[in-house]
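Please look through the sequence and the model shown below, and keep both at hand while reading. The paragraphs that follow go from the parts of one chain to the way two chains meet.

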2 protein chains.
Amino acid sequence: MKFSQLYIGTNKIARTYDSVNATLLTKAGFIDQVMSGVYTYLPLGLRVLVKIEQIVREEMDTIGVEVLMPTLAPIDNWQQTGRLTRVSVLLKAMPANILAQKVHNQEYIVSPSHEEIVTPLVKQYIQSYKDIPCAFYQIQTKFRNEPRAKSGLLRGREFRMKDLYSFHASIDDFKKYYEQVKKVYMNVFSRLGIGADTLIALASGGDFTEEYSHEFQTRCETGEDTIFYAPKAAIAFNKEVAPARAQVPEVKQTEAMKVKTDVLGEGIVGVTELVRYLRIPVEKTTKTLLYETDDGRTIAAAIRGDYSINEYKLCRALKTKSVKFASNETVKRVTNAEAGYAGVLNLTGDVELYFDDSCQNRINFETGANRTNYHTINVNFERDLPEPRKFYDFKVAKIGDRYPETGEVYEAFQASEVGNIFALGSKYANDFGLVYRDDNGAAQEVIMGCYGIGTSRLMGVVVEKFHDEHGIVWPKSIAPYHVHLVSIGNAHKKAMAVYSALVSSGIEVIWDDRDESAGVKFTDYDLIGIPWRLVVSPKTGDQIEVKNRSENESKLFSINDIITKFKNE
Amino acid sequence: MKFSQLYIGTNKIARTYDSVNATLLTKAGFIDQVMSGVYTYLPLGLRVLVKIEQIVREEMDTIGVEVLMPTLAPIDNWQQTGRLTRVSVLLKAMPANILAQKVHNQEYIVSPSHEEIVTPLVKQYIQSYKDIPCAFYQIQTKFRNEPRAKSGLLRGREFRMKDLYSFHASIDDFKKYYEQVKKVYMNVFSRLGIGADTLIALASGGDFTEEYSHEFQTRCETGEDTIFYAPKAAIAFNKEVAPARAQVPEVKQTEAMKVKTDVLGEGIVGVTELVRYLRIPVEKTTKTLLYETDDGRTIAAAIRGDYSINEYKLCRALKTKSVKFASNETVKRVTNAEAGYAGVLNLTGDVELYFDDSCQNRINFETGANRTNYHTINVNFERDLPEPRKFYDFKVAKIGDRYPETGEVYEAFQASEVGNIFALGSKYANDFGLVYRDDNGAAQEVIMGCYGIGTSRLMGVVVEKFHDEHGIVWPKSIAPYHVHLVSIGNAHKKAMAVYSALVSSGIEVIWDDRDESAGVKFTDYDLIGIPWRLVVSPKTGDQIEVKNRSENESKLFSINDIITKFKNE
């Protein structure tokens, strides 16, 4: 391809966006933002996207068969699964004007996911145990009503995605397949050049399972997720679910018990303020939060002041589906105080009190006094209240925390999610009456799994990860071209010969044939980020200057050597 | 590919649809209807779609560069072109539930076409005359709020399409490119196996030009369009715009003039009824229809009773943008009668009277009497009213009509539209302020063209055209596989060897490896419609039975001969 035939070159006057990937991909002429979270893929960007999707396709073909489901889905199907009213990113389509309403007045779901299409589809084809397992995937455009879409290709309102759905006769068969998918996913990420930096982290399993789901997380300084990795145990967790033991104090403190006292602290409710006011270490403070569970219990959850409560973990600890903050009325009823002064002593009524294990091993700790404007200091288990029979873990993990199973301190780092896989159980199969007959002819539940890779998101992650101050540095497997030929000065004819030789050798080359200075062309080369730069100029004679995007040194080669080199690469 | 790994086979119990393509593609396991006009492409169907799109892509790459624009478009852009309220097939997307509204309450257009995206995009990159011409295309999913979607893949609410947009400095340059596109389009259709039966027909140019657009129409008995083709002139028209001269009477009739008479025919208003009542040939009757034009004129349009008025042609004849039927008040005012009795005599007021040329050369013709319940018979030009200075052509062409320029009788046939190209003029460029600077630095209008090929529609057209009573007959270039291997009886091992040999020779083969009877496999083969059937059975020894889908005879070949044959095909 000749640069002049792209029509769209780099766009260095483009605005700077909130994310590195949006800024670089826009300036380098790969994408154009149509509106927040919605992009056009320009010629170079589309080539990258297609290469990513082709790698995904080749790997998926080893474990499933490709289909293409529609974007528009019947409203009824979403009603049937209960997701019509519950999914907050759901968009619907309808006639856009009065004329259109007259023509055909129907509403459709604009699909963010395809369980509602694939399950009824498969139902037509699955009768007996002989028809499963089976697995279908597609690579398609998805739509999400994202609240914020400021991360470029990392979080689109319209984005490209591979989604795979599998159907099984038993949990065992599902689990076997699930492990197979993990391997295939890692193959994809290896081929994309991010394999070594990608690991599988446990995350929330969503609404339909108590098990963890698995996220494929790629180390990346600008990543949206924090991963807690325990190297000895070789296990990683998304911060959202990471089990954690507080690092200090590890053993019971040894200072002498002091007199328990209620201290007036008018209007002082936050931990930071409290620490300053009471002049105690934050580790001595205690937050007590009141919740109501979906099964009608009232809960007081106490945690050390330097931690926050992770509601996902709290729900798992309480064995309940969801919690919400207790109403002001409930707070007053059980604490006899305004909100902000709840504590672990003297709670009234039928409230259940739970302690996070960060509350362990403390002497003379503080807690809300259950009395408006008062805090109690120098509280001690056994003396002032019984030591809890059990401590729980419902803290948001933080740096320095330990993995409870091995006691090792977590390695924590930022990462970008590049894929996720999870169990759907029989939720959707049951919603649509999808069953199979076993060898006795009896109807049995079908077990489903679903597995996603955001292909446009991947393009963004790769740029976040592989760039320098001059521009993008593409891995070879998804670079728009492998070779970027630059002709300088009066070398058009020579460049044409080199270009033709490369093209006829099947090497992917883009030739910057524009009438621009060497400086402009080199800057554009660095910005675009193709692996190899070839320079043809009058001063290099028959030789061609070859430089890799990641290196500073260039070397001279003959065209034949270059062709041999790239064909063997 | 092994048949068993498709998971989804033929579906002979599937319902029969209104169209052949939907019925056959569903039964053969290529598509699944999710709802009217919305389909899933199953493994075989997706292969065909991808092959069609790859052919389109390869040809388009010779005249433009590929991008991928989003489905979601800003409402504002559609406001800016005036199409937001005017396009009756327009859909919009919005939050689907209350939760979603709270998350992010925004509406988007769900694009049926991309002028509103491509024009602002190109505006960022075009400054001077040096930057044009340029042309961008995409292959993408489109959405239309179709009133009826009963033609399978021929008319989808969600469908796949290639759309190309070109940008030019002058009409001349645009026209040159337009002719180039015609050639490239014909290359596409030739490669799809429908080239010989596809011609370019003139059609309405849409709202922004008085010129015709060009439709690529493929002869097909079940086609939705009627084409009028004049072989000598080598010109074809869509019925919607075909100029036409009535075949009879060609020369002035010679009977004697009779006495003009008003005949009472109470409540008789339709031509069929009138002919029966008055006992005159239909050619002697005259329909007079009253219209109001968008520039405020009142028009009486008279046409021979056996023709209908083509409003598109009428507008062109009247040099007006649009016409609508006159109100009952206007009809009464200008005819002094109830609606249904309008005629060409004694019209009152400022009504302008136009005659279609089918009214020429008649003696003793009938017309409405402009008097409720009365018809006037034996009317003659010159005696009863002046012969019009000019006759027009605003009739709907019908079989037997002549092409006015050459006088030859049209050949009329049904056809399916497979592509269309048209001039956009400067409409969208002006809407978005897209201009270029000429070599004097002055801003000049950019001329645009747009060019579509419905790729999923093409799949439907091919099936409508190429099928027999047993199933589909795919052209080789887009068949899902080239070879369909059938193993019968105890020949699994032998079939496996043949399959491996074909695969390793790079021949696209699907092997029906199921444990089914020969009858079931042969029936499925015919239904699916792959070009070559290979049968391996114990009784053929080392030989393999080879049969083409279009032929009845099979022949025996060795595997080596078969491989040689197919590799050279």
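The domain assignment of chain A gives domain 1 (45-71 + 112-243 + 413-463), domain 2 (261-379) and domain 3 (481-568), where the bounds come from an automatic or database domain assignment. Between the centres of domain 1 of chain A and domain 2 of chain A, taken over C-alpha atoms, there are 39 Å. This is a predicted model, in which local features need pLDDT of at least 70 and side-chain atom pairs count only at pLDDT 80 or more, whereas totals for chains, interfaces and linings use all residues. Residues are numbered from 1 along each chain as its sequence is written, while chains are lettered from A and ligands numbered from 1 in the order in which they are written.

We can begin with an open sheet of chain A, whose 4 strands stand in the order β16-β14-β15-β17 with mixed pairing; strands (E, at least two residues) and helices (H or I, at least four residues) are DSSP runs, numbered from the N terminus, and two strands pair if DSSP finds at least two bridges between them. Strands of a sheet pair through backbone hydrogen bonds, either parallel or antiparallel. The edge strands are β16 (323-325) and β17 (352-355) of chain A, each of which pairs on one side only, and the twist averages 35° from one strand to the next. Strand β14 (residues 286-293) and strand β15 (residues 298-304) of chain A pair in the antiparallel sense over 7 bridges, with A:T286 standing opposite A:R304 in β15(A). Helix α8 (residues 311-318) of chain A lies across β14, β15, β16 and β17 of chain A and runs at about 120° to β16(A); axes are lines fitted to C-alpha atoms, for helices over the stretch in contact, and angles run from 0 to 180 degrees between N-to-C directions.

In chain B, too, 4 strands form an open sheet in the order β16-β14-β15-β17, with mixed pairing.

Two details of the backbone deserve attention. Most residues other than glycine have a negative phi, and most peptide bonds are trans. The peptide bond from A:I132 to A:P133, however, is cis, with omega near 5°, and A:P133 lies in the loop between α5 (115-123) and β7 (134-143) of chain A. Residue A:N336, in the loop between α9 (328-335) and β17 of chain A, has a phi near 55°, a positive value in a residue other than glycine.

We now turn to the two chains together. Chain B can be laid on chain A with an RMSD of 0.1 Å by a turn of 180° and a shift of 0.0 Å along the axis, the copies being superposed by least squares on the C-alpha atoms of residues with pLDDT of at least 70 in both. That is the relation of a two-fold axis, and in chain B the C-alpha nearest the axis is that of B:A93, 2.2 Å from it.

The contact between the chains takes 53 residues from chain B and 53 residues from chain A. Strand β5 (residues 91-95) of chain B gives the most to the side of chain B that touches chain A, with 5 residues, and by class that side has 36 nonpolar, 11 polar and 6 charged residues. Strand β5 (residues 91-95) of chain A pairs with β5(B) in the antiparallel sense over 5 bridges, and in β5(B) the bridge partner of A:P95 is B:L91. Because 100% of the interface residues of chain B are also interface residues in chain A, the copies meet through the same surface.

Notes
Contact = placed C-beta atoms within 7 Å. Nonpolar A, V, L, I, M, F, W, Y, C, P; charged D, E, K, R; others polar.
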